[in-house]
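Try each task before you read its solution.

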Amino acid sequence: MSQLAETAADVMPILGKSAKELKALGAQRHLSLSDAEWAAIQAHFKAVKREPSLAELETIAQTWSEHCKHKTFTSPIKYHEGKKTRSIKNLFQETIVAATEAVKKPWCLSLFKDNAGVVAFGKKWALAMKVETHNHPSALEPYGGAATGVGGVVRDILGVGLGAKPVLNTDTFCFGRPDYKGGLPEGAHHPMRTMRGVVAGVRDYGNRMGIPTAGGGIWFDDDYRLNPLVFCGTVGVMPQWAVKKQVKPGDLIVAVGGRTGRDGLHGATFSSANLGADAPSSAVQIGHAIQEKRVLDALLAARDKQLYSSVTDCGAGGFSSAIGELGADCGAMVRLEQAPLKVSDLDSWEIWLSESQERMVLAVNPKSLKALEAVFAAEGCELAVLGEFTKTGRLQVMHHERSVVDLDMKFLHKGLPRVEREAVWTPAPAAKPAGGVPKKMGEAIREMVANLNVCSREWVIRQYDHEVQGGTIVKPLQGVRHDGPGDACVIWPHAATGDMNDFAAFAVGHGMNPEYGRIDPYWMALAAVDEALRNLTCVGADPSRAALLDNFCWASPDDPKQLGALIRAAEGCRDAAKGFSAPFISGKDSLFNQSKDEKGKDLQIPGTLLISALAPVPDGRKAVTMDFKGVGNALYLIGRTNDELGGSLYHKTLGRTGGEVPKVSPPPRSTASRRCTRPPRAASCSPRTTCPRAAWPSAPSRWALPASSAACWTSTKSRATRASTPTRPCSSPSPPRASSSRSTRSTSPRSSATSASPPSPRWSAASGRPRPTQS
Amino acid sequence: MSGKVAAQNTYVLEVRLRTEYTDAEGAAALALLKEQGLTSLKEARMGRLYEITGALTANQAQQAGKDLLCDAVTQEFRVVPAGAAPMNGMNFWRVEVWLKPTVSDPVGATVVEAIAEAGLPKPASARCASLYLLSGRAMKAQIEKAVAKSLANPLIHRVVVTEAHP
């Protein structure tokens, strides 16, 4: 049907329909609305005495989607843990936000409200970082899904404040084993194919945009075989004056970048559903990196001329989401016939909801329009005025003089009913390690080094351009042969600042270990934060200035056990942030990562938390790489080793189950980390390394370590002496351990494995600070 | 032929690596197909197809292929004639992997702009495809199945497998 032919057929009658009928309608249109949400919509339209249009229903479904409203994290929850029950009003506010407010960092410039978190970078500049997930699209079409994941997070950085210049991309993936031999349901891609496609997608989009990809990791587990996880991150640099944005009534709504097509419809609502064979193919998008590069160049030029007052990207939900959010506090009037289209046969709701890539929306003072048009024309980038922001408090959309949407902004953004959910966490009974087959240490180490979660990622890393922009100081591959991984990357963003005499740099590190989460997500969260901060520390970054990002990927929160585990992880994040005095600045949750397997059973991913950490390196010339620098260098063990091999690769190698996961105990105000990490005076000389388990800038040999091992190896006497007290640099007497089984230095065969391998530092053993409260 | 009729012309340009050059992409495709059980295949060569629709004459289409779409040193091109490909007893296969019409084609969009910037009439549309020329005994159904699991995604691609003389 042509857009001009739309008439009364565009109205979607819902008044008087039963819950069952509404559910069927929702399923037919992929709206992913719950019964309570349908009821709220029905009540609203009953009050205004009319039926909604299709575009209005689609707009509400998109705005209320899990992707846009994070319903699970913001809804009330009744949480049962053992015999105790308590109420959580808003998980996000009570964990991530509460911890960030508690640590009060004046250098945090923008938190949780914009497209990315922003922190100060010196007096003049700011760093913006965002990590997005693009899991469902990547499961359907690995290449296109991953590529547009990169494109989307880059646009988040372009759309934070008045826009930042992207200077670093990161990628972290979770796949099924590439040599998986079992069955797969109809339509599912083999993990090998998914992996190849995702890597190629990230490579092609990032490389073509001229942004270095220099950090990330890969984790293999067969439970990801139907739901791969694709985390795409971007760091941008912006002047501090550009952090704030404002929309004023009378500003023009200007769309720039790519044209609107039928691609990507229902991407937002798609994220609120379990992935299955009925997934809409329209949710697949194909990226156009060159188009986005044009947008980037034009947008930053326009920003520097202050030709617009606000900007956001067209992500999930397209114009509906972008204009709906920008105009949430005032109102907006949109005329869809002004939008440049890829094809002429789009219906009104398709233009409004399309998630075609490479588009941004600006708020522009009418006086600046001519100059803005000139800037975008110079880059060969299309621009169209779609309407204006108003002070009506309504979202009004017209198409050829026909009203398509007329919704109260208050209802749209505040009308989402909050339904209390149930969550259950049953603490696993303390179990001593059991089972498995003992192996000789050499044999076990050989197996661990060959493990998929340990072996080299060079074949992936080499596909990425990590040198473009010329600012990658600590690179993803290190050592004399440039094939050994590192802890974190260090970037000198002179391409953004234009100042070749300012050597201020920044580092980005990651932490993740879903194996710990299988035992206890709380300790998994603490360990992930700990690992990310240690990775930063090891390259010479200042951990007292570290900012964190959380990315939760979970199965369906409708399952109380899954939601209980999610709460445990969120509370772990809260306690880690408070304990390390490191604020969260941004994050994202991707839920419903479960699918029917070949036998029709639900296959849930392991609860997965990726922690990304960002910190300044005051002088990039003094950044540290992890490779040994010379024969005769001293090797120091920092921290205390405990009997905490639960979830470790060593246990997995032996086939052993049970045991304690490492229990991180942050030191007071990160004292220990600061002592360990005073920026070095010599450039790139002395390695200190941690024991990461997911990041690809990490030594394969170190991945083989028992996950609970706690030590650090340094190779240069002078460095170790300078950086910390040699033998127990960050370890003043450690706190007494509650459990006698966690001896400080076990003599069990497992602990010999620890001492045989180079372990990592842990702040847990570094001070007498009480362990974080276990809620 | 009037101008309006000319605007409806459609040309399919085929660009391939010259046979004297090693075809790494073809080798990678062959490995993927063999992983799917097509072990009887001997060789795979890869190319690109561009379906261009617009007001271009045959000469202008040739010019676009020669000047824009083909590296004259390492590649060769031809305008694919309409009509069925000659059969050759299941030993040679031509596999075309096209994006479905509903899926965006960024490369095609770039080709449209590039042709216009080259001073030729701007095409109404351009769509791109991957072309695989396979040699080795196989059944059409086997190839279709293997391609769907390795070189194409049925969700976004349309695959055309035909017997073809090399």
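**Exercise 1.** Between which helix and which strand of chain A does Ala504(A) lie?

Solution. Ala504(A) sits in the loop between helix 18 (494-497) and strand 21 (505-511) of chain A. Helices (H or I, at least four residues) and strands (E, at least two) are DSSP runs, numbered from the N terminus. Residues are numbered from 1 along each chain as its sequence is written, and chains are lettered from A in the order in which they are written. This is a predicted model, and local features need pLDDT of at least 70.

**Exercise 2.** Classify Ala504(A): buried, exposed or partly exposed?

Solution. Start with the cut-offs: buried means 20 or more other C-beta atoms within 10 Å of the residue's own, exposed means 12 or fewer, and partly exposed lies in between, with C-beta atoms placed from the backbone. Now count. Ala504(A) has 18 C-beta neighbours inside 10 Å, so Ala504(A) counts as partly exposed.

**Exercise 3.** Find how far the C-alpha atom of Ala504(A) is from that of Val617(A).

Solution. Along the chain, the two are 113 residues apart.

**Exercise 4.** How many bridges join strand 21 to strand 26 of chain A, and how do the strands run?

Solution. Strand 26 covers residues 608-617. Count 7 bridges; the strands run antiparallel. One bridge partner to check: His510(A) goes with Ser612(A) in strand 26 of chain A. Two strands pair if DSSP finds at least two bridges between them.

Notes:
This is a predicted model: local features need pLDDT of at least 70, side-chain atom pairs count only at pLDDT 80 or more; totals for chains, interfaces and linings use all residues.
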